[in-house]
Each structure stands twice: as C-alpha cells, then as structure tokens.
Amino acid sequence: MCEFGLDSCDGGGPVADPARAHRVLRNDGTVCRVTVADAPWTALPSGTKAEGGAESLRLVTVTDVDAVYRQAILADEDASQAGSPAAGTLRDYGGNVRYEAPVLVAEGATRFPAKDAFRDESGIAGVTRELNDLHPNEERLEAILEQSPIGVSVSRRDDGCIIFVNTRFAELIGLPRERLIGSRARDYYLDSHQRLRVLERLRGGGGVTNMEVQFRRADGSPFWTLFTVNQAVIQGTAVNLAWIYDYTERRSMEEALRDMASRDPLTGIFNRRSFMDMARAQLARAHRFHEPLSVFVLDVDHFKRINDSFGHATGDDALRMVAAGCQAILREYDILGRLGGEEFVVVLPGATADESRVVAERVRRHLARMPIEAPDGTFRLTVSIGIAGLEGATDTLERAIHRADLALYRAKHLGRNLVAVFEPGM
C-alpha cells in the first residue's frame, strides 16, 4: 500500500509536486519511498483528433527514490490541502498493480481513474483509464494492434474463435483476414503437444512468453514462431491476446551453427567431440538397460601413399568417400565419427562384438570395391577395422575405444584389409 497525496485537478492537469516522496509497503513487508508523476497521455499522432474518451487518458509514473530519501528526508510529508480528496493508493492484486486516486472535476464531482501499473527495475509506469469509461474505443484498439510489426490475434477464451487478426498475422498464415475471422486458433498449430503446453499454462491462470511453437500456413508448410499469449478482458469478453514472431530464419541459422559446431568440416560426419558426447549417452543407456554395445575403429590402409601419389585434394576426396561408404552400410542409429586424420570410429548400440564383426566385414568389402576418382583415372583403397564390445557395468567409452585400437593394430600387423575383434592379451 502506498500513499501519493496527488493534488486534485480538473480536466487532467499535471500533479503539482511530482518530486514529492511517498511511502510504499512492499509485498515482503519492507517500506520504501517513491515519487509519482501524473500527466495527460499525449501519444496521439500529430494532426489526429482525439476521439471518444481519449481526453481521459493519462500517464502515471512511479519511481523508486528510496536511496535518495535516506540521504535527505523530505519535509512536510503529511501536508495536504484543505478540502482535497483523499490520497491515491497503489494496490497490488497478486502481481497486478493498479493505482487508484480520486480526481475532482467540474461542479465538485469526484471521479476515480484506475491506472494499470507495470513494475520494472527502475520503478512502476502505467497508463490511466477512467472507470466511468469501461469500454475502450474499439477502432482505436484495432488501429494500435494493426500497426504492430508482429502478428497479433485475439480469440475468445471460451471457444477459441478468432475475432481479430492484424495484417501481419494474416500474412504469416497466408489467408485473408476475412477467412481467419471466425476460424479456430487450434487449426493453426502444427504440433498438438505444443498446443497442450500452451493451454496448460493458460488454464493455470498464467501466460505464455516467447515459447517456441510451430504453426501451419494455409498451404500446409510449417514455420517456427516465438509465441506469447496473455489473457485479457476486452469489452466484457474474456479473450486470449496472442503475438507470433516469425522465428523460422533465425532458428534455421541457429540449427546450422549448431550443426557446423558438431560436424567434421571435411566429411560431414560427427567430429570427435560430438561423437564422444553422443557415444557416452548410448553407453549410459546400455548400462542402464543391461544391453550390449560395441565399438569399431576403422583406419584407411597406406593413406600416406594416396596423398603422396595423387595429392592431398584426392586424399580429401578419398576420406569423404570412406565416410559416405560407411553411412551406406551402417544403421540409421549407429553413430559414425571421425577421430582425426584417416581414422574413423563407430558405435553400434544393441550389438555384441560378434554381431558388429558382420557389419564391419560388410563395410570393409563395400569400401574395397568403391572406385575413387584421381587426376589420372581411378583407384581403390582398403581399410583395417578393430572391434571391441562393452565389458561390464563399469566399462567406459575410452577403454572400449582403446581395446578396439588394439584390435586394429592386430589387423594391421596381420596384413591389413582385415577385421579383428579384441581378445584378452592383445
């Protein structure tokens, strides 16, 4: 509760002493000092004539001056003019702040403007509206919403029927405004689960702020939005006031950046860091559900000779071909990454070492048959592969890869172009 002691005015005059400090009782029980400024709202475009009630619009600004007040106590705090109406009051209704104060008008009558206030870090500011004028001018409200560069829709809360959209909203959906009016808001959600999340928040009495939600255009194409919904009452009707900001391009850029950060720039498969992160997640799942998992490490045989004979550009082409050849054989949920140089690594969830050996043999044969373009014709390459399975509930990814490396060295030692499975003693 805070007392302002605003001087009475007729016709909307400014507060006589806006610098005067007033006591505020916060929600936590502490007391601070604020100043209040009350003045006509003049935010109409130049040359625009005020219509129906615009002259009653006023701006009230409340500023926290507690620190200043502690340094110099203001005098005459309780002084008031004889015959003035009672001081105004700032009331907090569960987070909805309203300033109410009597104002004297012509012939001694008293009105009680209600001023919706909004908290921020520096104080409280709001726009006043007389309670005598309960219904805002519909044309003025629509004009304000129409000028928004963000899509705006107003739908009835009871049945979801859309009763207003601005031009930007119609552009985003791809339908004329006349077609959108009367349709249901739910018709434009792409994902029903996202819609349920929105409804849950609204039913809880709250709002939605910048939630990432996908909507459907009239042609069926999806687009991402930052979606904000507030509940309001307009001309006695409970409505949902929604803003949609087209987030598609920005989201695509963010996804592209994330993808670039996780991919090997040469081959397009997962880089070492991303591979290790994803593989550890699969390892944790295998431990949790007591399922098998295996790893194989693949190395291109005599890769230095390829670079020396055909050049590094052809060597790069060869590595890209190896990555593509592996992807052609592996399952969709197998994880393929490049450890570095000519060495690749694969995690096969749900597969034992023996089952992985079958897959590795298919990969080896496929790569051996694959022709690779060179400046003077084509050539073929071979690979060696080492395999290791998961061992026990305490095994780690690093230890499994190390065992697969030992098996790879055995395959190299035995003549290359081979698959070897780790055995104790290697």
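S294 lies in strand β16 of this predicted model. The residue is buried, because its relative accessibility is 0% and the cut-off for burial is under 20%. Strand β18 spans residues 343-349. Strand β21 spans residues 383-389.

Strand β16 covers residues 293-300. It belongs to an open sheet of five strands. The order across the sheet is β17-β18-β16-β21-β22, and the pairing is mixed. The edges are formed by β17 (335-340) and β22, each of which pairs on one side only. On average, neighbouring strands are turned by 20° against each other, with direction ignored. Between β16 and β18 the pairing is antiparallel and runs over seven bridges. Within this pairing, V295 has V347 in β18 as its bridge partner. A helix also packs on the sheet: α7, residues 272-289, touches β16, β17 and β18. The direction of α7 makes about 135° with that of β17.

Most residues other than glycine have a negative phi. H302 is not a glycine, yet its phi is positive, at about 50°. H302 is placed in the loop between β16 (293-300) and α8 (303-310). With a relative accessible area of 35%, H302 is partly exposed. R416, also not a glycine, has a positive phi of about 70°. The loop that holds R416 runs between α11 (397-413) and β22 (419-421). R416 counts as partly exposed, at 32% relative accessibility.

Aromatic contacts come next. Five aromatic pairs are found in a search of the whole structure. In one of them, the ring centres of Y189 and F215 are 5.0 Å apart. Their planes meet at 40°, so this pair is tilted. Y189 is in the loop between α4 (177-180) and α5 (192-203), whereas F215 is in strand β13, residues 208-216. The pair therefore ties together parts that are 26 residues apart in sequence. Y189 and F215 are both buried. F215 also forms an aromatic pair with F227. Here the centres are 5.1 Å apart, the planes are at 70°, and the geometry is edge-to-face. F227 lies in strand β14, residues 222-234, and F215 in β13, so this pair links parts that are 12 residues apart in sequence. F215 and F227 are both buried. One aromatic cluster is formed by Y189, F215, F223 and F227.

Arginine side chains also meet aromatic rings. R251 lies over the face of W224, at 3.6 Å from the ring centre. R263 places its charged end over the ring of F270, 4.2 Å from the centre of that ring.

Another arginine, R380, is found in the loop between β20 (377-379) and β21 (383-389). R380 counts as exposed, because its relative accessibility is 52% and exposed means over 50%. Not counting residues up to four places away in sequence, R380 touches A368, R369, M370 and P371. R369 takes part through its backbone oxygen, which lies 3.3 Å from a polar atom of the R380 side chain. Between R380 and A318 the sequence separation is 62 residues. In space, their C-alpha atoms are 9.2 Å apart.

A further loop site is S148, between α2 (138-146) and β11 (151-156). A polar atom of the S148 side chain lies 3.1 Å from the backbone oxygen of I150. S148 also touches N166 and R168, with residues up to four places away in sequence not counted.

How values were computed: Residues numbered from 1 in each chain as written. Predicted model: local features only at pLDDT ≥ 70, side-chain atom pairs only at ≥ 80, totals over all residues. Heavy atoms only, no water. Helix = DSSP H or I, 4+ residues; strand = E, 2+ residues; numbered from the N terminus. Buried < 20%, exposed > 50% of the residue type's maximum accessible area, 1.4 Å probe, protein only. Phe/Tyr/Trp six-rings, centres within 6.5 Å; stacked < 30°, edge-to-face > 60°. Lys NZ or Arg CZ within 6 Å of the ring centre and 35° of its normal. Pairing = 2+ DSSP bridges. Axes fitted to C-alpha atoms, helices over the stretch in contact; angles between N-to-C directions. Contact = heavy atoms within 4.5 Å. Polar contact = N/O pair within 3.5 Å; in protein donor to acceptor, adjacent residues only side chain to side chain.
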